[in-house]
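Here's a quick walk through one protein model, taken a piece at a time. Keep the 3D view open as you read.

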Amino acid sequence: MRKAYLAGEWIDTGKTLDVHNPYDGSVVEQVAQCGPNEIDRALDAAVASLEETRRMEPYQRAEALSYVRDGLRKRAEEFAVALSQENGKTLAESRLEVARTAATFDVAVGEATRVYGEAYDLGINAMGAGRRCIVRHYPVGVVSAIAPFNFPMNLAAHKIAPAMAVGCPVVLKPASMTPVTALMMAELIEKSGWPKGAFSVLPCNRAAGQMLVEDERIKLLSFTGSPEVGWKMKASAGTKKVVLELGGNAGLIIDNSVTDWDWLISRAVLGAFYQCGQVCISVQRIFVHQDVMGEFRARFKKAAEALKSGDPLDENTTLGPIIDSANRERLQTWVKEALEQGAELVSGNTVARGGQGNNMTATILEEVDPSCRVNTEEAFGPVVTLTPVASMEEAFQMVNDSKFGLQCGVFTQDFNTVMRALDVLEVGGVIHNDVPSFRVDNMPYGGVKDSGLGREGVKYAMKDMLEERVLVYQVK
């Protein structure tokens, strides 16, 4: 049984939470389950530690971040196996997430030493004559970090690392289904030189976790998860800052100027079915120019059917399970609805054998009614829709016909089309000649509309965790 990490102490609460392997339903770990009392203690410790964290020199923050980065790299395979067991990622996918988590901390190492201020003359008119100012940045205070199950390490790191870089204490609530790797990261942070009271990892249920939304001791709430939950959190968060990274039904646009079919298909299959489609920027809606739809469909179908479902710890598995049976059943219901409303099944829509029913084959639909939930909602599973378009303008309109706006991929050889996409698409990011699932951890990342509020990417997350303070002084 793994204990919770509360402000530098490993605690047993007397209650446990079972962590299940999504592939076969087995219990892979038990962790201590926290409640309001533990959260209250963690927040008190975080507040008390702020004076210490805010006074840490930049090099000291960078050293702590470096220790975590190096620890992740040294224990990479241990983390990868634990991640596959609790999340259901294939080993290849888990190894990539561990590497990305280390990279996120690596970016933060540099950014911790680049929190710059300003100094300038205020005499732009007579009212400011004889005065100058200095602007400095200070940590906003305690950060409440609520992480999702689909990237339990790297998306937690996108909250923890920027907070450490600026000197903010953090209380982390991992997803109840995937708390193990977060507690393993706490082992590294404990030994990094980061003040003990300034970091906690508290597995808890949603009711107890509501304290991490509402409590006034918290100055910034950073949440990654569903839009339904995220917007409710914002409404009850009070006056604190809120950063939301929510869902999407990302579009992929393919022009008729395809020159490298192998690259296009390899990326489209990866974008649609990586981590069994449980990615907020997973390819969900594909808009293909009608001139190349036939060839794209045939190639895409063949590549999708070549994916191998099975045990994520098997090196040969390329399509792991959906996180649980409830989400698999939800998704199959949505596919059934689409088929009943006239959609055609290109491939998939079967439960792959080998687990307890959570392995679903890669599913491709076409002729889908625009109002179907596999189009309008976030599928968060291995399902994509194909739609032919007569022009790029038609594709842009279809992408924008959504309550979401996270990222969009555009395959084209025409530069004007790329720039038009940037100007017209209502999304947080446009990815040229690649899938919307592309993300590097130092880039600004986030969405518009129901896809969220604010931006991640270490430097950009740090901006929300800092407050500006100005000194105005007279010059004699």
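With which side chain does the side chain of Lys159 make a polar contact at 3.0 Å? That partner is the side chain of Ser222. One thing to keep in mind from here on: this is a predicted model.

## A lysine tucked inside

Lys159 sits in helix H5, which covers residues 154-166. Is Lys159 buried or exposed? Its relative accessible area is 0%, and the cut-off for buried is under 20%, so Lys159 counts as buried.

Besides the Ser222 contact, the Lys159 side chain has a polar contact of 3.1 Å with the side chain of Glu456. Setting aside residues up to four places away in sequence, Lys159 touches Ala145, Ile146 and Ala147, then Ser222, Phe223 and Thr224, and also Glu456 and Met465.

As a reminder, an α-helix has 3.6 residues a turn, so residues three or four places apart point the same way.

In soluble globular proteins, nonpolar side chains tend to be buried together. Here, the largest nonpolar core has 54 residues, and the members touching the most others are Leu65, Leu72, Phe105 and Phe199. As for Phe199, and leaving out neighbours within four places in sequence, its contacts are Tyr5, Ala7, Gly8, Ile160, Val170, Ala186, Ile189 and Trp194.

There's also a second, separate core of 43 residues, with Ile286, Phe296, Val384 and Phe411 among its members.

## The seven-stranded sheet

Now for the strands. Seven of them form an open sheet with mixed pairing, in the order S14-S15-S16-S13-S12-S18-S19. S14 and S19 (429-432) are the edge strands, each pairing on one side only. On average, neighbouring strands in this sheet are turned by 25° against each other, ignoring direction.

Take a look at S15 (residues 363-366), where both faces are covered. Thr363 and Leu365 are buried on one side, and Ile364 and Glu366 are buried on the other. How many bridges join S15 to S16 (383-389)? Four, and the two strands run parallel; Leu365 has Thr385 of S16 as its bridge partner. With S14 (344-347), S15 pairs in the antiparallel sense over three bridges. Glu344 stands opposite Glu366 in that pairing, and Ser347 stands opposite Ile364.

## Out in a loop

Last stop: Thr259, in the loop between strand S12 (251-254) and helix H10 (261-273). Thr259 has a relative accessible area of 63%, and exposed means over 50%, so Thr259 is exposed.

Definitions and conventions
Residues are numbered from 1 along each chain as its sequence is written. This is a predicted model: local features need pLDDT of at least 70, side-chain atom pairs count only at pLDDT 80 or more; totals for chains, interfaces and linings use all residues. Side-chain values use heavy atoms; hydrogens and water are left out. Buried means under 20% relative accessible area, exposed over 50%, partly exposed in between (1.4 Å probe, protein chains only). Two strands pair if DSSP finds at least two bridges between them. A polar contact is a pair of N or O atoms within 3.5 Å; within protein, one must be able to donate a hydrogen and the other to accept it, and residues adjacent in sequence count only if both atoms are side-chain atoms. Contact means heavy atoms within 4.5 Å. A nonpolar core is a set of buried Ala, Val, Leu, Ile, Met, Phe, Trp, Tyr and Cys residues joined through side-chain atoms within 4.5 Å. Axes are lines fitted to C-alpha atoms, for helices over the stretch in contact, and angles run from 0 to 180 degrees between N-to-C directions.
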